[in-house]
Amino acid sequence: MSLFSRPVAATLLLLAITACAADPIAESEHYLDLSDDPMEASATELTTVEGETWTFTDVADDRLTLLYFGYTSCPDVCPMTMAEINLALQEEGVDDDAYDVVMVTTDPARDTDEQLRTWLDRFNPEFQGIRGDIDHVVDAANDYGIAVDPPVETEGEYLVTHGGRITVLTPDGKAAGSFDEGINADQLAELLPTLQDDLL
C-alpha cells in the first residue's frame, strides 16, 4: 500500500523536479552573479549624446540596463560586443522591452556626440550613448569594477585601454552582475529572460 495518496505523491514529484531544475545563472560560465551583494550605483555625472546631464541612477526604472564601456574606433571588441547584444535582444524568447543598452565612451576626445550617435545607430538606434570627461569616465568604470585607462599616444600610436565586460544594472543603477568579455549572442540570450525574472 502506498504511503501517499496520488495527489500528495504528484505534489512531491513536482517539488523534486523543481528542486533539481537547473539554475542557468548559477551554472553559467559566462556570467558573474552579484545579485546577493550588488555594487552600488556610481555617483559620477556624465552627459548623453543629446547634451543632457546623466547619472547611473537615471537608468530606466522598469527595465534592466546593459552597460558597456568602449569606443567607436575600436577595431574589434567594441563593434562585436554591440552587434552581439543587438542579436541577443532579437532572439526568440527575449523581451527586448525589458532591456536598455548604454555605452559610455572611453575615448571622449575623439568620440563626439555625433560620432558616438552615428556609430551606435549602425547597431540599434535605441542604444544610448554617454560621454564625459575621461577622468570621470575612468572613475565610473572603476566604481563598477571595470578597468579603464585614459587614452595615451605613444610612438605614433593612440592606445585606448578598457575592460570588455557587459554590466547588468538594476533600475536603481546597482550592478547585479556582468557578462564576460567576448560573450556571444546565444550565450547572452540564454540568460536575459532569467535575469529579467530575477531582477525586475
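# Packing in a predicted model

Colleague: Which strands do the buried residues of H5 pack against?
Modeller: The model is a predicted one. In H5, which runs over residues 134-143, the buried residues are Ile134, Val137, Val138, Ala140 and Ala141. Their packing partners are strand S2 (45-48), strand S4 (64-70), strand S5 (99-105) and strand S7 (148-154).

Colleague: Within what arc do the buried residues of H5 fall, seen down its axis?
Modeller: An α-helix has 3.6 residues a turn, so residues three or four places apart point the same way. Ile134, Val137, Val138, Ala140 and Ala141 are the buried residues of H5. They line one face of the helix, because seen down the axis they fall within an arc of 165 degrees.

Colleague: What is the relative accessible area of Ser42, and is the residue buried or exposed?
Modeller: Ser42 sits in the loop between strand S1 (31-33) and S2. Leaving out residues up to four places away in sequence, Ser42 touches Phe56, Ala140, Asp143 and Tyr144. Ser42 counts as buried because the cut-off is under 20%, and its relative accessible area is 3%.

Colleague: How many disulfides does a search of the whole structure find?
Modeller: Cys74 is in no disulfide, and the nearest cysteine sulfur to its own is that of Cys78. A disulfide needs two cysteine sulfur atoms within 2.5 Å, so the 3.2 Å between the sulfurs of Cys78 and Cys74 is too far for a bond. Over the whole structure, the number of disulfides found is 0.

Colleague: What is the relative accessible area of Cys78?
Modeller: Cys74 is buried, with a relative accessible area of 8%. Cys78 belongs to the buried residues of H3. For Cys78 the relative accessible area is 0%.

Colleague: How far apart are the end C-alpha atoms of helix H3?
Modeller: H3 covers residues 77-89, which is 13 residues. At 1.5 Å a residue the helix should span 18 Å. The model agrees with this, since the end C-alpha atoms are separated by 18 Å.

Colleague: Which helices do the buried residues of H3 pack against?
Modeller: The buried residues of H3 include Met82, Ile85 and Leu89. They pack against several strands, among them S4, S5, strand S8 (157-162) and strand S9 (166-169). The helices they pack against are H4 (113-121) and H6.

Colleague: What separates the C-alpha atoms of Leu200 and Pro171?
Modeller: Leu200 lies in the segment after helix H6 (185-199), and is partly exposed with a relative accessible area of 45%. Beyond its neighbours within four places in sequence, its contacts are Asp62, Arg63, Leu64, Ala98, Pro171 and Leu195. Leu200 and Pro171 are 29 residues apart along the chain, and their C-alpha atoms are separated by 8.1 Å.

Colleague: What share of the contacts with a separation of 6 or more comes from residues 24 or more positions apart?
Modeller: The protein has 6 helices and 10 strands, and buried residues make up 42% of its 200 residues. Of the contacts with a separation of 6 or more, the share from residues 24 or more positions apart is 70%.

Note on methods. Residues numbered from 1 in each chain as written. Predicted model: local features only at pLDDT ≥ 70, side-chain atom pairs only at ≥ 80, totals over all residues. Heavy atoms only, no water. Buried < 20%, exposed > 50% of the residue type's maximum accessible area, 1.4 Å probe, protein only. Helix = DSSP H or I, 4+ residues; strand = E, 2+ residues; numbered from the N terminus. Arc of directions from axis to C-beta. Contact = heavy atoms within 4.5 Å. Expected span 1.5 Å × (residues − 1).
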